[in-house]
Amino acid sequence: MIFSPDYLLQQLRRQPRAAGYRVAYSGGLDSHVLLHALAQLRGELDVSIGAVHVNHGLQAMADDWGQHCRQVCAALEVPFVLLETNATAARGESPEAAARSARYAALADWLPQDNCLLTAQHQDDQAETLLLQLLRGSGVSGLAAMPRSAVLGAGVHLRPLLDVSRDALHSYALAHDLCWVEDPSNADTAFDRNYLRQQVLPVLRQRWPAVSASLSRSATHCGEAAELLEELADGELLALAGERNTLSLARLLALPPLRQRNAVRHWLRQVSGAVPSAAVLARIFNDVIGSRPDSEPCVCWGRLEMRRFREQLFLLPRSQPLQQAEAVNWTLVEPLRLPRAGGVLTAEPVTGNGLRATALAAGNVRVDWRRGGERCRPAGRGHHHSLKKLFQEQGIPPWERSRIPLIYIQDQLAAVAGLWVCEPFQAGAAEQGFAINWLPEQQSGV
């Protein structure tokens, strides 16, 4: 096919009307072609257009590329924005993935409301992405490769060139005498994508000339299949999902095995934005979902962990091992931040409830932690109970219990923050008291 501004206009008109179009402009051939074609359409679109360049700071020539992009935009009379971002890879993270994550995070934060960000990934890029995902053993969501459109920040991200070949874009660039920059890292076959582009796809193309178009078409089929699976999981999650990022284990196990796995994958993607590896998913099903009801299983990956309690699956931020901490004195006048437990204690003056103000007047209020054997007689109950039993009655998950502060007055357990006041420290009907509130900095959200 031959690429032209009219082709781009057709692609844009297939999408909901945008308040403006912004090209993610790297200075390379593909994005320069996209920017040039968009500039030819400014009279047809009747909305604002512009370009944005992200400087990752990873190449010695990065500043020069930014200046080149600025000059090209000035010649095209297209408004230009330069964004700076830190794309340094974390330990164990590939440089490509780090740069991509940093770039899209910066673009999502910047994109104006209801605007459409256009990126220049094309048919050959889509074929490379599909092959990479195949080699990683991805499922249909991964094999769908790059979606044509997706939500990005306050707007939409559109890839209008996914059916256009690299050769077609190159021909357009030559026909219009465009000038672009070349990233030297594109020649480095140590990167998987470059290796596929330079060593693998040329060989495949000798035997199957339409290999890029065929692979891109397969990605489209996988995308349609992934959408159907998501629709199925969406309906099932309405019955499975609970509060605090939980999933009903009993209702999950009532589904056939294939639908169980589909629902869990979709739930993880919804809550955390990503699906863990096949190995981690296998551990979730074997070690957590398949564990005994009285066990306390936990599977950790990245910054997340999966736990099970009372027929519920919990997806949580990965907890840090608790260090034994000393007790802390507290005046109740100011909130008390407790980094060990990840939360803040506050004392709210009340009448007829909470800790008796007269008991507090004796001073020596101490905040401490469970050490074993603690007992409390909650106000209104006739007997003392172990904290373990009280926590069980309240449905407090085991991993949260050791993080709940205990309030002592004159070395007696007076309250369990946010839960109970122990006799004889409960304020009477007309007495002044203090309600002790415990505010975790991270509720069970991810």
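I began with strand 5 (residues 149-152) and strand 6 (residues 155-158), which run antiparallel and are joined by 4 bridges. The model is predicted. I looked up the partner of Leu 152 and found Gly 155, in strand 6. The hairpin of strand 5 and strand 6 has 2 residues between the strands. In that hairpin, I read a positive phi near 55° for Gly 153.

**Cysteines**

Next I looked for disulfides. How many does a search of the whole structure find? I got 1. Cys 376 is joined to Cys 422, with an S to S distance of 2.1 Å. I then took the torsion about the S-S bond, which is about -120°, so I noted the disulfide as left-handed. Where do the two partners lie? I placed Cys 376 in strand 16 (residues 375-376). Cys 422 is in the loop between strand 20 (420-421) and strand 21 (432-440). The pair therefore ties together parts that are 46 residues apart in sequence. Buried or exposed, for Cys 376 and Cys 422? I noted both as buried.

I also checked Cys 116, which is in no disulfide. Its nearest cysteine sulfur, that of Cys 73, is 17 Å away. Cys 116 has a relative accessible area of 6%, so I logged it as buried. The cut-off I applied is 2.5 Å between the sulfur atoms.

**Backbone angles**

I kept one general point in mind here. Most residues other than glycine have a negative phi, and most peptide bonds are trans.

I went back to the loop between strand 20 and strand 21, where Pro 424 lies. The peptide bond from Glu 423 to Pro 424 is cis, and I read its omega as near 10°.

Arg 310 sits in the loop between strand 9 (304-309) and strand 10 (312-317). I logged its relative accessibility as 47%, so Arg 310 counts as partly exposed.

Asp 411 is not a glycine either, yet I read a positive phi of about 65°. I placed Asp 411 in the loop between strand 18 (406-409) and strand 19 (412-416). The relative accessible area of Asp 411 is 56%, so I wrote it down as exposed.

Methods: Residues are numbered from 1 along each chain as its sequence is written. This is a predicted model: local features need pLDDT of at least 70, side-chain atom pairs count only at pLDDT 80 or more; totals for chains, interfaces and linings use all residues. Side-chain values use heavy atoms; hydrogens and water are left out. Buried means under 20% relative accessible area, exposed over 50%, partly exposed in between (1.4 Å probe, protein chains only). Two strands pair if DSSP finds at least two bridges between them.
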